[in-house]
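Please open the structure in your viewer and keep the selection panel at hand.

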Amino acid sequence: MPVIALLTDFGTQDIYGGVMKGVIWSICPDARIADLTHEIPPQDITAGALALWGAVRYFPQGTVFCAVVDPGVGTERRAIALQTHEHFFVGPDNGLLWWAVSESEILAAVELRNPAYFLPVISRTFHGRDIFAPVAAHIANGVPLSEFGPEIDPDTLVKLPPLRAAISDERILAQVIHIDRFGNAITNLREEDFAVWVENLGWRNWLAFIREVVFDEIHRTYGEVPPLTPLLLFNSYGLLEVAVNRGSATQRLGIRMGDVLEIRVAEGV
Amino acid sequence: MPVIALLTDFGTQDIYGGVMKGVIWSICPDARIADLTHEIPPQDITAGALALWGAVRYFPQGTVFCAVVDPGVGTERRAIALQTHEHFFVGPDNGLLWWAVSESEILAAVELRNPAYFLPVISRTFHGRDIFAPVAAHIANGVPLSEFGPEIDPDTLVKLPPLRAAISDERILAQVIHIDRFGNAITNLREEDFAVWVENLGWRNWLAFIREVVFDEIHRTYGEVPPLTPLLLFNSYGLLEVAVNRGSATQRLGIRMGDVLEIRVAEGV
Amino acid sequence: MPVIALLTDFGTQDIYGGVMKGVIWSICPDARIADLTHEIPPQDITAGALALWGAVRYFPQGTVFCAVVDPGVGTERRAIALQTHEHFFVGPDNGLLWWAVSESEILAAVELRNPAYFLPVISRTFHGRDIFAPVAAHIANGVPLSEFGPEIDPDTLVKLPPLRAAISDERILAQVIHIDRFGNAITNLREEDFAVWVENLGWRNWLAFIREVVFDEIHRTYGEVPPLTPLLLFNSYGLLEVAVNRGSATQRLGIRMGDVLEIRVAEGV
């Protein structure tokens, strides 16, 4: 009984997510289907990529992830399927799958080109139903990836910035990889990496710099600082986040995608 | 392993949809259950009927659709089950099931009257749990429709306007069959029917008239026209819609349910 | 094929509920999983307890309810599993499970202490994923409760006020056990208990008192009284509720948790 997990920006008011289940069960009647979420903010690829990355490790070996956040649907962007040691992934080649697969080795990557595995009629706007759901179901049925289309070089996949900060003994360079709907700036510094780095500091303190702001501590919740005050915290994915309590880090601090947060040993301590 | 698909206006904050699954699995333990949506606008029968119509063709042969948008619950409206060549349908006889079954031949229609297949206690307000979910589960178990109550004449079912425009060589008469929550007026003109008609026009142009407005083109998205400007587009169900970008077609254009949009060959071209 | 039902305050925008399914299916591949709701108001234990109580009776024998509304996560509050004649329950020991199990006899109660049945890494903030979901899955696999940790005395469980009013021939004392998000005050008087009491009144009338308000009838819907008018009605769980049409009973009437509504035979009638 294979597992297929769905992650989309379709919302739950419409039947789009439900229809994908009809398509899947028409092809693979014994699939168990999990809705990861259908409420990724519309067309927000990095939000979808983060959610997928945060979820995959908790799913059984062989799970097929069918992810659709696809602003380029109907354009030249490729439709792809990927295989790692643990899982399969189906979706658009726009970075959405990248963080989830970049934790692992990509064993196979194909472009979805074989209409024998699509629905008979392909709409311009709903490849989730017409291409991705049927391909996910066929993978769950055991069809090998090579059946779906030509192999592609994993190096040609659309990538996102790495989901791991650059760390040296004296310094961490963390990059803002996502701005969420609240204006929080999420970086690629992982809590476990930071814990190791801090432990190695011994008695020395650290300071963190981004734009005009300096931080010297990490909070556990937004409410630990007064309203409209900037803070650092590790979010629910275990990634360092620059936030403003009851405010927007992007608006108040001017932080943008790609900005670098530098953490370094405090001098004179 | 039968599939049961749920479509309701119960929302997802409460446990109503979840409880229907408990009832179903108590009766038919191996049913696979798909939530089409539980967020049909409250008591909006035509919104539910459109959603159901848009979904059914993607579900496997034998799927049981259990649909509950039921403003008349507890009144004289009939509770019914219908069978077509492909699917089964359970719900109130208020038009909700009509568009979904009108694409196909109705092989059997019964009124749900046999309490042996209901929950032991029937509330006044929640027939989704007490009648429709258990009947759907018994159908999934293979109980024939005739067990649930007396046969009814399909001609006596509560109907909605046809989901297909009146089309002649020179003219299309499309009817407004639903006003959605944004004030968009959805008509019964299908994209595929319009495509055939336009192809037959050859070099001639067309004009579309409704209330005081005239259109001579169909857009792909709302954003293709300036704010507060009326437009025509085919919506996600493939039905022609009269809309106003960032506004309400019903408020700004005075369009009402049942209004007719006329499309005819433009003269002098 | 065991059933596991999930009830949380995680919302559906994030992947938390979806990840619990990945964890469950990694341990118990043939579980059927029902989302009761993931939209209990954040940290609202009595809202979660009411929803769980309202749902359990509709689920099959042997269902495992995994409920997570857990403001004390990471603190000293116990994690528990309970067994009744019909069902299993997993969650925090903060009252959330109390009303659901108090309808039945508690056959077994244990504290979850055996990490062999948890995920390998336990976060401070997400025991739903790390402890409750895996334990629910192991219970669904048939692991006896005694495996998960030491037996606990049911008398030591965190309790909520009883979900049944104090009723005598002449008088009902109903307690406000929950204030919902709209400011409605829900009491522990059940519709069926009230029906029996009223029937026994014969020709006599009754009056109901709470704070400064007196009621002499029970309405069926909010809209039966003018806006901003107080009313009594039995809500969708069959519990008597003090409400204000289009307003808040707590704000307008000053009603608080624990307040007592007294219903007594009207004199001089």
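Select chain B and display its strands: six of them form an open sheet in the order S2-S1-S3-S5-S4-S6, with mixed pairing. Strands and helices are DSSP runs (strands E, at least two residues; helices H or I, at least four), numbered from the N terminus, and two strands pair if DSSP finds at least two bridges between them. S2 (32-37) and S6 (106-111) of chain B stand at the edges with a single partner strand each, so one side of each has no neighbour in the sheet.

This is a predicted model, in which local features need pLDDT of at least 70 and side-chain atom pairs count only at pLDDT 80 or more, while totals for chains, interfaces and linings use all residues. Residues are numbered from 1 along each chain as its sequence is written, chains are lettered from A and ligands numbered from 1 in the order in which they are written, and side-chain values use heavy atoms, with hydrogens and water left out.

Next, select S1 (residues 3-8) of chain B, which pairs with S2(B) in the parallel sense over five bridges. Ala5(B) stands opposite Ala34(B) in S2(B).

Now move to chains A and C. Their contact (heavy atoms within 4.5 Å) takes 21 residues from chain A and 17 residues from chain C. Select Arg32(A), Glu39(A) and Tyr58(A): in chain A they lose the most area to chain C, together 34% of what that side buries. Buried area is the accessible area (1.4 Å probe) that two parts lose on being put together, summed over both.
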